[in-house]
Structures are given as structure tokens and as C-alpha cells.
Amino acid sequence: MDIALRSLGHPGLHITVFDPDTVSEVNIGRQLFSETEIGLNRAVALVTRVNRFFGSSWTAESRRYPVRTGEKSDKRRLANITITCTDNIRSRLDLWRFLKKIQEHEQR
């Protein structure tokens, strides 16, 4: 989608990937990581690869998704679309609760 948008003159998508974990030997083979990436932050490793290959300028954060204070001085924008690639129920529920709070706050 990003490439298609850019080919039409649109600036493309702004993507931020969040992941606090590092690449380990277990990730090799199950995911597209190489042995040279062991010890690197997973988000940084993937986003660096995508940016180099596609010429994009996506960003990576070596932490969990952002916490929003809800204060008017907080200028950070949250995503229009959130995609989760987590592999455990707890982190899925944490993200669901986080997004639900934001939705409730914005409806006030």
C-alpha cells in the first residue's frame, strides 16, 4: 500500500513499529531474521531492512506501544490503524485495554 501511494505522488504511510524484545536464536527460522541480527532490537532490525529495501522512512521504537496521557498538551497522534503481531494473549489483552481507554477518552 505504501509503495502504491508513493507511486501516485502521495507521501506514503508513516509507520512506527513497537517491540521491546531483541532477536534471539529462537527467532531464526520462525521469522525472517538472520544470525547477524541476534541481540538487535526486533523492531529496529525489521524497520531498517524495510527502509533500505523500499526507500521508506518508517520508524522503530524499542519499547511497547506508547502510553497516552490524555492531556491537551500531549501532541502525539495515535494510529488510525493498529496491527498487532503479538503471540500471546496477555499482550493482546493489554493492547485491547489500552486502545479501549483511548476510544472512551476520545468519545467524551
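Trainee: At 1.5 Å a residue, how far apart are the end C-alpha atoms of α2?

Mentor: This is a predicted model, in which local features need pLDDT of at least 70 and side-chain atom pairs count only at pLDDT 80 or more, while totals for chains, interfaces and linings use all residues. Residues are numbered from 1 along each chain as its sequence is written, and side-chain values use heavy atoms, with hydrogens and water left out. The expected span of a helix is 1.5 Å times one less than its number of residues, so the 13 residues of α2 should span 18 Å. The end C-alpha atoms agree with this expectation, being separated by 18 Å.

Trainee: Which pattern does the protein follow along the sequence?

Mentor: Helices (H or I, at least four residues) and strands (E, at least two) are DSSP runs, numbered from the N terminus. The protein has three helices and two strands. Read along the sequence, these follow the pattern α-β-α-β-α.

Trainee: Which element has the lowest mean pLDDT?

Mentor: The predictor's confidence in each residue is its pLDDT, from 0 to 100; the protein averages 83, and 87% of the residues score at least 70. Where pLDDT is low, the predicted coordinates should not be read in detail. Helix α2 (residues 42-54) has the highest mean among the elements, 94, and the lowest, 80, belongs to helix α3 (residues 89-107).

Trainee: Against which strands do the buried residues of α2 pack?

Mentor: A residue is buried under 20% relative accessible area, exposed over 50% and partly exposed in between (1.4 Å probe, protein chains only). In α2 the buried residues are R42, A43, A45, V47 and N51. With contact meaning heavy atoms within 4.5 Å, these buried residues pack against β1 (16-18) and β2 (59-61).

Trainee: Which residue caps the N-terminal end of α2?

Mentor: A polar contact is a pair of N or O atoms within 3.5 Å; within protein, one must be able to donate a hydrogen and the other to accept it, and residues adjacent in sequence count only if both atoms are side-chain atoms. At the N-terminal end of α2, a side-chain oxygen lies 2.9 Å from the backbone nitrogen of A43, and the capping residue that supplies this oxygen is N41.

Trainee: Why is the pair of F53 and F54 edge-to-face?

Mentor: Rings of Phe, Tyr and Trp (its six-membered ring) pair if their centres lie within 6.5 Å; planes under 30 degrees apart count as stacked, over 60 as edge-to-face and the rest as tilted. The structure holds one aromatic pair. The ring centres of F53 and F54 are 4.7 Å apart, and the pair is edge-to-face because the planes stand at 80 degrees.

Trainee: With which side chain does T16 make a polar contact of 2.9 Å?

Mentor: T16 belongs to strand β1 and counts as partly exposed, at 29% relative accessibility. Not counting residues up to four places away in sequence, T16 touches T59 and E61. A polar contact of 3.3 Å joins the T16 side chain to that of H14, whereas the contact of 2.9 Å is with the side chain of T59.

Trainee: Is D19 buried or exposed?

Mentor: D19 is located in the loop between β1 and α2. Not counting residues up to four places away in sequence, D19 touches N41, R42, A43, E61, S62 and R63. A polar atom of the D19 side chain also lies 2.9 Å from the backbone nitrogen of D21. With a relative accessible area of 15%, D19 is buried.
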